[in-house]
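Q: Could you walk me through this one? I'd like the overall picture before we get to single residues.
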Amino acid sequence: MSLQIGDRMPRFSVLNQDSEVVTDKDLIGKPTVLYVYPKDSTPGCTAEACNLRDNYHSFLARGFQVYGISKDSPASHQRFIAKYELPFPLLSDPTAELLQALGAYGEKKMYGKTVMGTLRKTFIFSADGTLERIIEKVDTKNHSEQVLG
């Protein structure tokens, strides 16, 4: 099951980097960029996070809030945020329940093998929580341009 354009944001309750509960209701009220990435501090995920960080002012100027989400723990997220000075929250979904609801968890190729894992995608929701756009092929080094362009 994958989220489609026009669908509502899935209901969820996950922890952020500070182990505080964040729910779908917390994201309603502002347009939201929810970017899904496989793992903290890996080369592609770091490039993507730093590109979003370096252009964060452009997201704020357009009224967006930005959230990253992966299966990593809140403690891992804290280290990632501290190391790269990320200005946006990271959400932890260790069970992949939200990732599956988004359609961002499934089969992928790694080193020539088919494995189950997190699929790098970005979801753009309107202020009322309606899905407006999905970026399926993320360019980690130029992701902000993909989202804002």
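A: One term before we start: helices and strands are DSSP runs, a helix being H or I over at least four residues and a strand being E over at least two, and they are numbered from the N terminus. Please also keep in mind that this is a predicted model.

Q: OK, how many helices and strands does the chain have?
A: The chain has 6 helices and 9 strands.

Q: What is the radius of gyration, and what would a compact globule have?
A: The chain has 14 Å, and this agrees with the value near 15 Å that a compact globule of 149 residues would have. Along the principal axes, the C-alpha atoms fill a box of roughly 40 × 35 × 30 Å.

Q: And how much of the chain is buried?
A: Buried residues account for 49% of the 149 in the chain. The accessible surface comes to about 7,600 Å², with carbon and sulfur atoms contributing 52% of that area.

Q: How many disulfides?
A: The count comes to 0 disulfides. Cys45 is in none, and the nearest cysteine sulfur to its own, that of Cys50, is 11 Å away, whereas a disulfide would need the pair of sulfur atoms within 2.5 Å. Cys50 is likewise in no disulfide, with the sulfur of Cys45 as its nearest, 11 Å away.

Q: Are those cysteines buried or exposed?
A: Cys45 is buried, with a relative accessible area of 1%, and Cys50 is also buried, at 13%, given that buried means under 20%.

Q: Let's move to Gly44. Where is it found?
A: Gly44 is found in helix H2, which spans 43–54. With a relative accessibility of 24%, Gly44 counts as partly exposed. From its C-alpha to that of Asp54, which is 10 residues away in sequence, the separation in space is 15 Å.

Q: And what is Gly44 in contact with, leaving aside its neighbours in sequence?
A: Once the neighbours within four places in sequence are left aside, Gly44 is in contact with Arg120 and Thr140.

Q: Which residues other than glycine have a positive phi?
A: Ser41 is one of them, with phi near 65 degrees, and Ala96 is another, at about 65 degrees.

Q: Where do Ser41 and Ala96 sit, in loops or in helices?
A: Ser41 is in the loop between strand S3 (32–36) and helix H2, while Ala96 is in the loop between strand S5 (90–92) and helix H5 (97–102). As for cover, Ser41 is partly exposed at 41% relative accessibility, whereas Ala96 is buried at 1%.

Q: How far apart are the C-alpha atoms of Phe88 and Arg53?
A: They are separated by 7.8 Å, although Phe88 and Arg53 are 35 residues apart along the chain.

Conventions: Residues numbered from 1 in each chain as written. Predicted model: local features only at pLDDT ≥ 70, side-chain atom pairs only at ≥ 80, totals over all residues. Heavy atoms only, no water. Rg over C-alpha atoms; globule rule 2.2 N^0.38 Å. Buried < 20%, exposed > 50% of the residue type's maximum accessible area, 1.4 Å probe, protein only. Areas by Shrake-Rupley, 256 points an atom, 1.4 Å probe, with all protein chains shown as cover. Contact = heavy atoms within 4.5 Å.
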